[in-house]
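Could you walk me through this model in my viewer, one selection at a time? I would like to know what to click on next and what I will find there.

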Amino acid sequence: MQGAQVKSDKKMALDYVEVGGDTEDLSQVTAKIPEGVTAQMLYRDIIHIAWPSLLELTLTQLTSMADLMMVGQLGPWAITAVGLSTQPKFLMQTVFMAMNVGATAMVARYKGAGEQEKANNIMRQALLMTFVFSLISSIVGFFFAKPLVAFMGGQDDVMALTGGTVYLQIQMIGLVSFALTSTITATLRGVGNSRTAMIYNMIANVVNVILNYVLIYGHFGAPRLEVAGASLATIIGQFVAMVIAFAAVIGGRFYLTLHIRDGFMPDFDAIRKIVKIGVPAMIEQLTMRAGMIIYAKTVASLGTISFATHQICMNIQALSFMTGQAFGVSATSLMGQSLGKKRPDMAQAYCTRTRRIGMCVAFVLTFIFLFFGRFIVACYSGDPDVIATGARILMFVAFVQPFQSSQFILSGALRGAGDTKSIAKIIFVTVLLVRPGLAMLLIHLFHWGLEGAWVALVSDQLLRTALVWKRYKSGKWKAIRV
């Protein structure tokens, strides 16, 4: 197994500090840099993990944006069809994505503790769980696609054969391959290896965009499949990513190595540890999905054009998520590894500097959305009403950037510590209660239209940021045992 560890990574700042003790007074732990470690070393570790994740996530979201831009040429009904399929698709992904949170945290802990075999076992158990959960979800999602899209508010044009129903069914066919890839990605990020995931996801994105051009419009002799073609292109790209991901971990070149000979028999102790962190994350995700579905249905009541505009702006905002999520990956991995080495002081030092970098990027995004919003929306649609309304909505997106970035990073840090229960409670209050409740109030009672929906979204983000910050500052994450 030594060969697998050779490429484990360059030395991190964490490697230069001693293993901590169990008797340390956690109330005295601060973000002060330990002796032998410099701020430059900390920033290097953060960026080393974050930049591949940022590139990967950004390109993935750009691919999603390209999907929607290409589909948007078919008309607002097509954008709405894809948009109404999004929340049911995310709902079907809830269980295995939540378990991935537990797998990331446990792998990071074992990496910090220097227990490579246990980290590898967590990856095997996580893949076993993912396969079972995703197979069940794909079957349920496929056969209930039509009522799910109808429940989201799909009208006749959206429910047409080439609309939301077929789009969601095709997504469900590819769910297992997407799920297994996401688990490998989650465990690789746990040990700080975000570069491998970047490579296979970039390849998948290229395949997706090329096939979009071929299958949506029927080029090069292919049939014109429109919305269904966009969905098919996506799952083919995901399958390519899965093949490359498995080849990477089976090859034995990295710290995490999948040995088929070790089998996939359940290890209930390892599964229990994943589930202990994953179940609160699952509750968080289910709560978030429920809140987002109620919110989306409320916006859909404004009509096809308004919902299409909303979906465009949500798609653009999702691009801004990528910076927070990428640095959140750093925070999760470095938090878990630091606590695995019993060094909460290093965890806090890493988090402080991760937030600083994230904030700088957030202000750049604020500038872009403020001054180039109209041009960005025009890439999706030529409808003057959509462009004008979308440009106004992007003002909300610009305002929320610094808060959103801090929230993603600190949430990632808390998840890396195994503190998923607090995040679940915060999501319950903000996404399930505040956002949809305020949206219904502002849209139906005050008649603020689409702007009212986005006032609700900003209110959710501000409150969520404040609550996550309060939890992090409490320091209770330092004493969590997994």
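Start by selecting Arg435 together with the residues it touches: leaving out residues up to four places away in sequence, these are Met292, Tyr295, Met314, Thr430, Ala456, Leu457, Asp460, Gln461 and Arg464. Touching, or contact, here means heavy atoms within 4.5 Å. Bear in mind that this is a predicted model, in which local features need pLDDT of at least 70 and side-chain atom pairs count only at pLDDT 80 or more, while totals for chains, interfaces and linings use all residues. Residues are numbered from 1 along each chain as its sequence is written, and side-chain values use heavy atoms, with hydrogens and water left out.

Now colour residues 420–445, helix α15, which holds Arg435. Helices (H or I, at least four residues) and strands (E, at least two) are DSSP runs numbered from the N terminus. Is Arg435 buried or exposed? Arg435 counts as buried because its relative accessibility is 4%; the cut-offs are under 20% relative accessible area for buried, over 50% for exposed and partly exposed in between, with a 1.4 Å probe and protein chains only.

Next, show the side chains of Arg435 and Asp460, which a polar contact of 2.7 Å joins. Such a contact is a pair of N or O atoms within 3.5 Å; within protein, one must be able to donate a hydrogen and the other to accept it, and residues adjacent in sequence count only if both atoms are side-chain atoms.

Then move on to two loops. Most residues other than glycine have a negative phi. In the loop between α9 (195–217) and α10 (227–250), select Phe220: its phi is positive, near 55°. Phe220 is exposed, because its relative accessible area is 72%.

The other stop is Lys342, in the loop between α12 (304–340) and α13 (344–378). Phi of Lys342 is also a positive value, near 60°, and Lys342 counts as partly exposed because its relative accessibility is 34%.

Finally, zoom out to the whole protein chain. You will find 16 helices and zero strands, and the C-alpha atoms fill a box of roughly 65 × 50 × 35 Å along the principal axes. Buried residues make up 59% of the 482 residues. Of the contacts between residues at least 6 apart in sequence, 84% join residues at least 24 apart.
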